[in-house]
Each structure stands twice: as structure tokens, then as C-alpha cells.
Amino acid sequence: MASYEAIKNFEDDEDDVEMALPHSQISESRSQTFSSTIAQTTPLNIHNVQEQPSTSSRNQPQTVAKPPRLVSLDVFRGLTVALMILVDDAGGLIPALNHSPWNGLTLADYVMPFFLFIVGVSLALTYKKLSCRVDASRKAGLRALKLLVLGLFLQGGYFHRVNDLTYGVDIKQIRWMGILQRIALAYLVAALCEIWLKSDDTVNSGPSLLRKYRYQWVVALIISFVYLCLLYGLYVPDWEYQIQTEPSSEPKTFSVKCGVRGDTGPACNAVGMIDRTLFGIQHLYRRPIYARTPECSINSPNYGPLPPGAPAWCQAPFDPEGLLSSVMAIVTCLVGLHYGHIIVHFKDHRVRTIYWTIPTSCLVVIGLALDLFGMHINKVLYSFSYTCVTAGTAGILFVGIYLMVDVCGYRRLTIFLEWMGMHALMIYILAACNVFPIFLQGFYWGSPRNNILKLVGVGT
């Protein structure tokens, strides 16, 4: 194993925060410099040499080298992007890769928590040194707003599916929530917590780390408590919706009977009720994940025709990135923030690994126990058990990547994932939002249907 000196004085710049996606934000700590720090980087080893300048050289200009990146952040991010592409392309063919129709956990259900987790880790490095909290808060708000607007543009309905040669969106039906909108919300809250909710306590042990960031944990507990109270305490009344079953026919009205509290099924949960009430059902995702359940599809776990006697809710719009579930997603980001704090305050690899492993193990055990006792793991609702299991799994994966790449120096094995992690936002937009296929569809022969994608067998 190659010799390796502990990574010190990390100052992740703007490259690491938005959706933990590089090249998208300006670090607040960039205004502060490393006094007399000389960083030397080789392919397998990263060394930081810190020297104090002599009296005779203090008045001379100092050359400040950019501190080395924590490579495991980029590799983790790149692996998540690769996983996203895999489940998007192969999920329809392999059910184990596709999102779970309702309760349960598949490979695809880890993608969103992994992104949120790495956002939290990056925030701890970005905001470890602040020159002005107010200015940092303003910039964090602007970055969140940019992500929100980008999410509305990419997932609000303006961009069409590959088989639908139209563009533009009716504002009356625009989808307000989405993946980037959820990440924007989680990023903003976690950033404000990191900027304002940390004390001046000195960190030299695990308990002192918890004391320094105790108010952030209070926020996480309050969010979890409010989520559970709303999910299990709100009364969900009967509701109805309209859908056009035939292109030329009048919309048909369906009535859904509820009148319950604490239901976590597809029809009568509080997550859907809040979205229908605040946004309007016309602004929700029109291809609900529960349409793949056995009650709603003869091809379950894939989409398919309705079976005889299908429930009335099977075709009702439902947003998998709803408001209440997105609020709970903030907790995943705060868990990642804690992992980033360990990087900032502890430099020994063994200590870092121990302090990472303890909460990771606890989260996985708690999540599985809750699922066993009836609080099911559910990605669409972003249930508390789902939060614990996926955040714990993200911690396990991050520790493994850190030990392999940053400690042992096996970087060549993950060089492609590292590149993907450094260009994750661009890859996400091109691959997951149909931007590249739609661009290709703009070039055709005679008829819009005769385009490049049809020539290679994609689309109709």
C-alpha cells in the first residue's frame, strides 16, 4: 500500500455542492487563504506540507497552491450518476433495478438519497471557514434558486418524452416539484444550518463533535417529528380527480374513498393529500409509481393495462418528489453534513472510520427494525425507515470508497467515475432529462418522425 499522509485543510470550493455537482458554486471560504501551504499531489499520494514563513520572507508575495480535492467525493458522486443512468436505461427491463412500485427497496431507490448525502458532506467542507454569515446565506439562497429554476425548466413539463415530438408546457399544468427542486430545498436548509447553527466549541472527541453541532441535530429531530406527526396524524378525506381516458372524449371523474388517518397506502396518504391541496392535482406527476402495483397493472411490476376491477386511484397523478417527502429528505442531507464534519475535525483515518461506522450501523439497524415493526421502507413517501436505511447505506459506501481511493490510493481503478463526478450536473441534464435525444430529434428528413433517433431504433 502506498504511503499516504492524512488529508488536511480541505477547502472544497464551489465544485462540490449543488446536487453535490461540481462547477456550480463559489465557496465562502475562498476569501480566506492558507498561510504558507504548499500542496504536492501525485497520482497515488496527496501530501499537504504546512510551513511557517521566516521573518525575512513574510513581506514577500506568497504563492498559494490550490488544496487537493477529496477524491472519494467525486468518485461517490460519479458512482451515483452511473447508477442513475443504469436504472433509467435498464430499469424497465430488469425489475430489480427499477423503482419499487410502493413499499420496498430496489437499487434505483438509492440514487436520490446518495445525491442528498454527498451534498451534505460537501457542505461541511465548503462552509468550514466563513468570512460573513449574511453574505454566505445570500449566496446559498441564490444557488438554491438556480437549482429550483433549472428543475422547473427540465422537469416541469417543457421538455417532452422521446416519443412525443412536442415542446413547451401549459402553465396551468406545470409540475412544480421534481428532483432538482428537492435537492434545492435540502441544500438550502442544510447550508443555513451549517452557516448559523454551530457553536464555537473545540472538537477533540466524538461527544465534543455532537456538542458543537447539537442545534443541527435538533433541527433534524424536529423535522422528523413533524413529518411523522403529519404522516400519521392528518385526516385524509375523500377526494376525486378527472382524467381523459380517450383523446376525443370528455374527461372522466373518479372518486376515491378515504376518510382515514395514518394510512400509508397509495390512495389515502397525507403526502399526496398535501400536494393535492397546496399545488392542485393538475400540477402533479402524471405517471404515478403505484400504477405498476398488481392492483393497477396486469404487467406488474412494470406499467401495463388496468386489470379488471382496478381501484379508482390507479390513474390519479401523484408526485414522487412531493412537498412533505422532500422536507424529510433534508434529514438525509443533514446526515451527510455530519460525515463532512468528521472530515473537517479529525485527520486520522482510523478515527474517521470509527466515527463514520458507528452512526452508519445505527441508522441501518434502526431503519430495518422500523420496517419489521410496520413502518415500511417507502421511497415515494420518503418514510423515516427509508431515510435511515438509505443514509446508512450511503455512509457504508462512502467509507469504502474513502478507504480505497484516499487511503490506499487505488485511484486509477475509479478514474472514470471521478470524471463523471466532476461533471455530474452536465451528465444528469444530458442523460436523465432527454436533452440530448431531443436535440437529435431536431434534425429530420421531410417529417419530424424521420429523425436520427428513429434511424438508430430509438423512439417511434
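Contact is taken here as heavy atoms within 4.5 Å. The model is predicted, so that local features need pLDDT of at least 70 and side-chain atom pairs count only at pLDDT 80 or more, while totals for chains, interfaces and linings use all residues. Residues are numbered from 1 along each chain as its sequence is written, and side-chain values use heavy atoms, with hydrogens and water left out.

Leaving aside neighbours within four places in sequence, histidine 283 is in contact with Ile171, Lys172, Gln173, Ile174, Arg175, Trp176 and Asp319. Histidine 283 lies in the loop between helix 7 (270–278) and helix 8 (323–345); helices (H or I, at least four residues) and strands (E, at least two) are DSSP runs, numbered from the N terminus. Histidine 283 counts as buried because its relative accessibility is 8%, where buried means under 20% relative accessible area, exposed over 50% and partly exposed in between (1.4 Å probe, protein chains only). A polar atom of the histidine 283 side chain lies 2.6 Å from the backbone oxygen of isoleucine 174.

The secondary structure of the chain comprises 14 helices and eight strands. Of its 460 residues, 50% count as buried. Among contacts between residues at least 6 apart in sequence, 70% join residues at least 24 apart.

Helix 9 (residues 349–372) has 24 residues, and its end C-alpha atoms are 34 Å apart, in agreement with the 34 Å that it should span at 1.5 Å a residue; the expected span is 1.5 Å times one less than the number of residues. The N-terminal end of helix 9 is capped by aspartate 348, a side-chain oxygen of which lies 3.1 Å from the backbone nitrogen of arginine 350. The buried residues of helix 9 are His349, Arg352, Thr353, Trp356, Thr360, Leu363, Val364 and Gly367. Their cover includes helix 8 and helix 10 (384–407). Glycine 374, with a positive phi near 115 degrees, follows helix 9.

Helix 4 (residues 179–196) has 18 residues and reaches 26 Å from its first C-alpha to its last, close to the expected 26 Å. Among its buried residues are Leu180, Arg182, Tyr187, Cys193 and Glu194.

A nonpolar surface patch of about 1200 Å² includes Ile415, Phe416, Trp419, Phe436 and Trp445. Two or more residues of the patch come from each of helix 11 (415–422), helix 12 (424–432), helix 13 (435–441) and helix 14 (452–455). Helix 11 gives the largest share, three residues. Tryptophan 445 is placed in strand 7 (residues 444–445) and counts as exposed because its relative accessibility is 51%. Patches are made of residues with over 30% relative accessible area and no salt bridge, like charges being joined within 9 Å and nonpolar side chains (Val, Leu, Ile, Met, Phe, Trp, Tyr) within 5 Å. A salt bridge is a side-chain nitrogen of Lys or Arg within 4 Å of a carboxyl oxygen of Asp or Glu. Accessible areas come from the Shrake-Rupley method with a 1.4 Å probe, and for residues only the protein chains shown count as cover.

Key. Polar contact = N/O pair within 3.5 Å; in protein donor to acceptor, adjacent residues only side chain to side chain.
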